[in-house]
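My notebook is open and the model is loaded. I'll jot down what I look up, one entry at a time.

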Amino acid sequence: MKSAATSLVVIAIALAIGFAAGRLEHRGSSGSRTVTVSGDGKATSVPDEADFSFGVMNQAKSASEASTATSEDISRIIAAVKNAGVAEADIQTAQVSLYPTTAPNGSTVTGYTASNTVSVKVHTIANAGAVLDAATNAGANQVNGPTLVSSKQNEVYATALAAAYADAKARAQAIAVASGRSLGAIRAASEQSSSGPVAFSAAKAADSAATPIEAGTTEIDAQVSVTFDLH
């Protein structure tokens with residue numbers, strides 16, 4: 001009777017863990033089973049690159065005046081960020097627009113508005129503040145960024161993915177032990193949704209002589225679903 005009671009306790013534990021951490025499945029008449037579990041993993045990195053967009057907008061009586069003024073302004077901005085150390089390959093036109101402005105009646109054209117925006121990648125965080133200052137001093141009146149990223153983001157995500165698999169395997173192992181079985185080979189695995197970099201702590205300011213840009217630390221999450229054989 002004591003042995004039977006012990007068996008019932010083991011089965012109850014296995015079922016409880018199975019519902020909490022994974023899914024036990026019976027396959028075939030031979031008694032073979034599988035367990036499907038989810039795993040979560042995280043990895044951190046320090047950003048080493050910064051992405052900006054710098055733009056300028058001008059209004060004038062004629063379309064040509066607005067367009068010419070904007071072209072001249074964006075040329076100065078491009079020259080300024082180049083002088084601040086940004087390579088030509090890291091500067092890209094992102095958006096150009098020209099549209100009429102109208103009076104309150106909505107039909108009378110009173111002038112034109114032109115804008116031009118360039119995307120800029122800075123490969124060294126320490127130089128990000130100087131690039132930002134160079135662009136604004138050259139006349140940029142529309143600034144977005146910085147978006148701080150790691151040049152090794154793929155490697156960091158791979159680390160998070162490996163941690164997620166290890167988590168899934170540990171959960172499956174717990175279910176196997178609780179159910180009196182041993183963990184077998186992987187039958188299937190899939191990558192689930194993952195989150196992008198999330199900044200959660202700040203590092204030292206890049207350059208006290210320029211606008212401070214803090215690299216901080218980013219965290220990347222990964223999730224997997226893995227099915228193991230149980231023997």
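I started with Tyr-99 and asked which residue in S5 is its bridge partner. The partner turned out to be Thr-113. Strands here are DSSP runs of E with at least two residues, helices are runs of H or I with at least four, and both are numbered from the N terminus. Before going on, I noted that this is a predicted model, where local features need pLDDT of at least 70 and side-chain atom pairs count only at pLDDT 80 or more, while totals for chains, interfaces and linings use all residues. I also noted that residues are numbered from 1 along each chain as its sequence is written, and that side-chain values use heavy atoms, with hydrogens and water left out.

Next I looked at how S4 (residues 91–102) sits against S5: they pair in the antiparallel sense over eleven bridges. Two strands pair if DSSP finds at least two bridges between them. The hairpin of S4 and S5 has six residues between the strands, and there I found Gly-106 with a positive phi near 80°.

Then I checked S5 (residues 109–122) against S3 (residues 49–60), and this pair is antiparallel, joined by eleven bridges. For Asn-58, I found Ala-114 as the bridge partner in S5.

**Helix H4**

How far does H4 (residues 153–178) reach from its first C-alpha to its last? I got 38 Å for its 26 residues, close to the 38 Å expected at 1.5 Å a residue. The expected span is 1.5 Å times one less than the number of residues.

I then listed the buried residues of H4, among them Val-156, Tyr-157, Ala-160, Ala-164 and Ala-168. Buried means under 20% relative accessible area, exposed means over 50%, and partly exposed is in between (1.4 Å probe, protein chains only). A reminder to myself: an α-helix has 3.6 residues a turn, so residues three or four places apart point the same way. After H4 comes Gly-180, and its phi is positive, near 75°.

**Salt bridges**

How many salt bridges does a search of the whole structure find? It finds eight. To count, a side-chain nitrogen of Lys or Arg must be within 4 Å of a carboxyl oxygen of Asp or Glu. The general idea is that side chains of opposite charge can pair when their charged atoms come close.

I picked Asp-40 and Arg-171, whose closest N and O atoms are 3.9 Å apart. Asp-40 counts as partly exposed because its relative accessibility is 45%. Arg-171 is partly exposed too, at 29%.

Then I followed Lys-42. Its side chain meets Glu-219 in a salt bridge (3.9 Å, N to O). Lys-42 is in S2 and Glu-219 in S9, 177 residues apart, so I wrote the pair down as one that links distant parts of the chain. Lys-42 is exposed, with 52% relative accessible area, whereas Glu-219 is partly exposed at 23%.

Lys-42 also bridges to Asp-221, with 3.0 Å between the closest N and O atoms. That pair links S2 to S9 as well, across 179 residues. Asp-221 counts as buried because its relative accessibility is 16%. I also found that salt bridges with shared partners join Asp-40, Asp-167 and Arg-171 into one network.

**Aromatic pairs**

The whole-structure search gives two aromatic pairs. Phe-52 and Phe-54 are stacked, at 5.2 Å centre to centre and 20° between the planes. The rule covers rings of Phe, Tyr and Trp (its six-membered ring) with centres within 6.5 Å; planes under 30 degrees apart are stacked, over 60 edge-to-face, and the rest tilted. Both Phe-52 and Phe-54 are buried.

Tyr-165 and Phe-228 form a tilted pair, 6.3 Å centre to centre with 40° between the planes. This pair links H4, which holds Tyr-165, to S9, which holds Phe-228, 63 residues apart. Is Phe-228 buried or exposed? It is buried, at 1% relative accessible area, whereas Tyr-165 is partly exposed at 31%.

**Asp-229**

My last stop was Asp-229, in strand S9 (residues 217–230). It counts as buried because its relative accessibility is 15%. I looked up what Asp-229 touches, leaving out residues up to four places away in sequence, and the list includes Arg-33, Thr-34, Ser-182 and Arg-187. Contact means heavy atoms within 4.5 Å.
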